[in-house]
Amino acid sequence: MMKHFLVAGLLMTTLVSVKTYAQQPQQHDREGFFKKIDTDGDGKLSKAEVDAAAKDNKRLSKLSENFTAIDTNKDTYLDKDELKAYRKSQGPRKKEDGNK
């Protein structure tokens, strides 16, 4: 009986750990995405930085094309808040196989 409780406890701990770990990469990916494009490390993206990144990544071409519209404060840079608002306005992103 004690073995069953031990196994159940280990299973629950594992499931909680996996769920927590699965939720973290998305935030880290966004942070890594931003840092990768922000080549001068100033915490904001210039049009030149976005254009350079778009050459290597088709998904970023939409960001490059819509740069002026995304730059809501018109300071000629994109910050994390502007990108977050843009992502939110675009709705759920479809995966490459066409599913959400």
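The questions and answers below go through a predicted model of a protein chain.

Residues are numbered from 1 along each chain as its sequence is written. In this predicted model, local features need pLDDT of at least 70 and side-chain atom pairs count only at pLDDT 80 or more, while totals for chains, interfaces and linings use all residues, and side-chain values use heavy atoms, with hydrogens and water left out.

Reader: In what order do the elements of the protein chain run from the N terminus on?
Author: Helices (H or I, at least four residues) and strands (E, at least two) are DSSP runs, numbered from the N terminus. The protein chain has five helices and two strands. Their order from the N terminus on is α-β-α-α-α-β-α.

Reader: What percentage of the residues of the protein chain count as buried?
Author: Buried means under 20% relative accessible area, exposed over 50%, and partly exposed in between, with a 1.4 Å probe and protein chains only. The protein chain has 100 residues, and the share that counts as buried is 19%.

Reader: Which residues form the salt bridge in the structure?
Author: Side chains of opposite charge can pair when their charged atoms come close. A salt bridge is a side-chain nitrogen of Lys or Arg within 4 Å of a carboxyl oxygen of Asp or Glu. The structure holds one salt bridge. Its closest N and O atoms are 2.9 Å apart, and the two residues are K47 and D51.

Reader: How far from E49 is the nearest side chain of opposite charge?
Author: E49 lies in helix α2. For charge, Lys and Arg count as positive and Asp and Glu as negative, while His and the chain ends are not counted. E49 is buried yet has no salt bridge, and the nearest side chain of opposite charge is K44, at 9.0 Å.

Reader: Which residue has its backbone nitrogen 3.1 Å from a polar atom of the side chain of E49?
Author: Contact means heavy atoms within 4.5 Å. Not counting residues up to four places away in sequence, E49 touches I37, D38, T39, D40 and K44. The backbone nitrogen that lies 3.1 Å from a polar atom of the E49 side chain belongs to T39.

Reader: Which element gives the most to the lining of the second largest pocket?
Author: A pocket is an open set of points on a 1 Å grid over the protein atoms alone, where a 1.4 Å probe fits, with protein on both sides within 12 Å along at least five of seven lines; lining residues have an atom within 4 Å of a point. The lining of the second largest pocket includes F33, E49, A52 and L60. The elements that give two or more residues to this lining are α1 (2–37) and α2 (47–56). With four residues, the element that gives the most is α2.

Reader: Is A54 buried or exposed?
Author: A54 lies in helix α2. Not counting residues up to four places away in sequence, A54 touches L60, S61 and S64. Its relative accessible area is 16%, so A54 is buried.

Reader: How far apart are the C-alpha atoms of A52 and S64?
Author: A52 is found in helix α2 and counts as partly exposed, at 41% relative accessibility. A52 and S64 are 12 residues apart along the chain, and their C-alpha atoms are separated by 9.2 Å.

Reader: Which residue has the nearest side chain of opposite charge to E82?
Author: E82 is found in helix α5 (residues 80–89). Its side chain reaches the backbone nitrogen of N73 at 3.2 Å, and the backbone nitrogen of T72 lies 3.1 Å from a polar atom of that side chain. E82 is buried yet has no salt bridge, and the nearest side chain of opposite charge, 7.6 Å away, is that of K74.

Reader: What is the phi of K74?
Author: K74 is found in the loop between α4 (67–70) and β2 (77–78). At 54% relative accessibility, K74 counts as exposed. K74 is not a glycine, although it has a positive phi of about 55°.

Note on methods:
Polar contact = N/O pair within 3.5 Å; in protein donor to acceptor, adjacent residues only side chain to side chain.
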